[in-house]
Amino acid sequence: MMQFESPSSTSATPSELAGRTLATSHALHAHVPPSLSLQPEVMSARYPDLTATELDLLVNIRKRKLELMAEISQLKDELCEVNGEIETTDTEEGVKLKNLQMGKKKFNMDPKKGIEFLIRQNVIRHTPEEVAQFLYKGEGLNKTMIGDYLGEKKDFNEAVLKAFVELHDFTDLILVQALRQFLWSFRLPGEAQKIDRMMESFAQRYCQLNPEIFTTTDTCYVLSFAIIMLNTSLHNPSVKDKPSVEQFISMNRGINDGGDLPRELLISLYDSIKTEPFKIPEDDGNDLMHTFFNPDREGWLWKQGGRYKSWKRRWFILNDYCLYYFEFTTDKEPRGIIPLENIRVRDVPDRNKQHCFELFSTGNEVIKACKTDSEGKVVEGKHTVYRMSASTAEEKEEWINCIERSISHNPFYDMLAKRKKKAQKHMAKPSH
């Protein structure tokens, strides 16, 4: 039997103990079966000449060895799987799968180029039905890009939108349920004209499958948007005044071809949205990066604090009728969001800073905005004005002009007002 020196644990340094124990482990390796139990009592009976510290080290070494062997086995399995995938790329099916994955990546960067690539590589055929089926399945596709592609005003895109909507079955669904299904399959784009085309297609499909509910598609269109706006008002933390069910009913009077929709229908729609908000589909990657990819304007500004009036340098991005500000240009999420709703912008003098301008509420109220506090929680902003300072007079004027263009009347509301007026066209005129 192999003999080992047995010094006291107090006469050797930890490094000496570790070195000797490692040597012991290697010396015994050939004599230890893989199934040997690592329980301390078993180990101490087998190696009586080792101290308790040395036994602990030996047990830990053995445990780590077993873990490493398991990891090596797992890596071997993964290598076999990868080799199998590499071999399949030589087949026709493998090439098609590779092109499909490449096409999805291209689509998520540029939808038009992605679809063109997939058609060119014979992954999908150049028909509205096949492209719509590809978008409807949506596996690995960025849903913001799906919305952008479907909303394009081109003959082929509009045909794809029609085929895409027809893949949805809204039969016997109440309007809220149909909207939940529809809005989960993509993300609504920000452009008013795109939204109009997509919601028009939705309203036509819903009325086609449920002909007894609304008298016209205009009624369905207007009510659908009322529901979407209600969802925002009830669940967006920056909206302070939440609408009541009576306000929701009042807002939708006369939209059913001049008549009122059943009160119990509107109450059920309101309760459904209040109980469960619309779920926004998640995208691979950071959705905010798509929002900030092509901003109306971006740059550094000094921003004055609300409570202490101190100035902090922030990176501002203006896009989609909102002003976002970040602590650093590399941040993925903003420190604050200021919706450009019912506000104005003006040039202001300041004793401490040059080239100042500020956003202010038209009704002298707290601006509907939100920010993250020091603990990362989203809280409502308390500003009645937001004051910023640019580095030059020219930059200040450029920011003011860009913000003024963004807070000008959103053309979508013009469209909605016209559609609502059309839906109410048969409302009886008041008697004189």
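Mentor: One cut-off to begin with: buried means under 20% relative accessible area, exposed means over 50%, and partly exposed is in between. Keep in mind that this is a predicted model.

Trainee: Fine. Where does Arg263 fall, then, buried or exposed or in between?

Mentor: Arg263 has 41% relative accessibility, so Arg263 counts as partly exposed.

Trainee: And which side chain does Arg263 meet in a salt bridge?

Mentor: Glu246, at 2.3 Å from N to O. Arg263 is in helix α13 (residues 263-275) and Glu246 in helix α12 (residues 245-251), so the pair ties together parts that are 17 residues apart in sequence. Glu246 is partly exposed as well, at 39%.

Trainee: How many salt bridges does the structure hold?

Mentor: 13. Another one joins Arg346 and Glu358, 2.7 Å from N to O. That pair links strand β5 (residues 343-348), which holds Arg346, with strand β6 (residues 356-361), which holds Glu358.

Trainee: Is Glu358 buried or exposed?

Mentor: Buried, because its relative accessibility is 3%. Arg346 is partly exposed at 34%. Both belong to a salt-bridge network that also includes Asp350 and Arg387.

Trainee: Switching to helices. What angle do α8 and α10 pack at?

Mentor: About 40°, with the axes 10 Å apart. They are therefore oblique to each other, and the crossing is right-handed.

Trainee: Last one: which residues form the nonpolar surface patch?

Mentor: Leu68, Met69 and Ile72, with about 270 Å² of accessible area together. Ile72 sits in helix α3 (residues 52-88) and is partly exposed at 42%.

Technical notes:
Residues numbered from 1 in each chain as written. Predicted model: local features only at pLDDT ≥ 70, side-chain atom pairs only at ≥ 80, totals over all residues. Heavy atoms only, no water. Patch = residues over 30% accessible without salt bridge, like charges linked within 9 Å, V, L, I, M, F, W, Y side chains within 5 Å. Areas by Shrake-Rupley, 256 points an atom, 1.4 Å probe, with all protein chains shown as cover. Salt bridge = Lys/Arg side-chain N within 4 Å of Asp/Glu carboxyl O. Helix = DSSP H or I, 4+ residues; strand = E, 2+ residues; numbered from the N terminus. Buried < 20%, exposed > 50% of the residue type's maximum accessible area, 1.4 Å probe, protein only. Axes fitted to C-alpha atoms, helices over the stretch in contact; angles between N-to-C directions. Parallel < 35°, antiparallel > 145°, perpendicular 65-115°, else oblique. Left-handed = near helix turned anticlockwise from the far one by under 90°.
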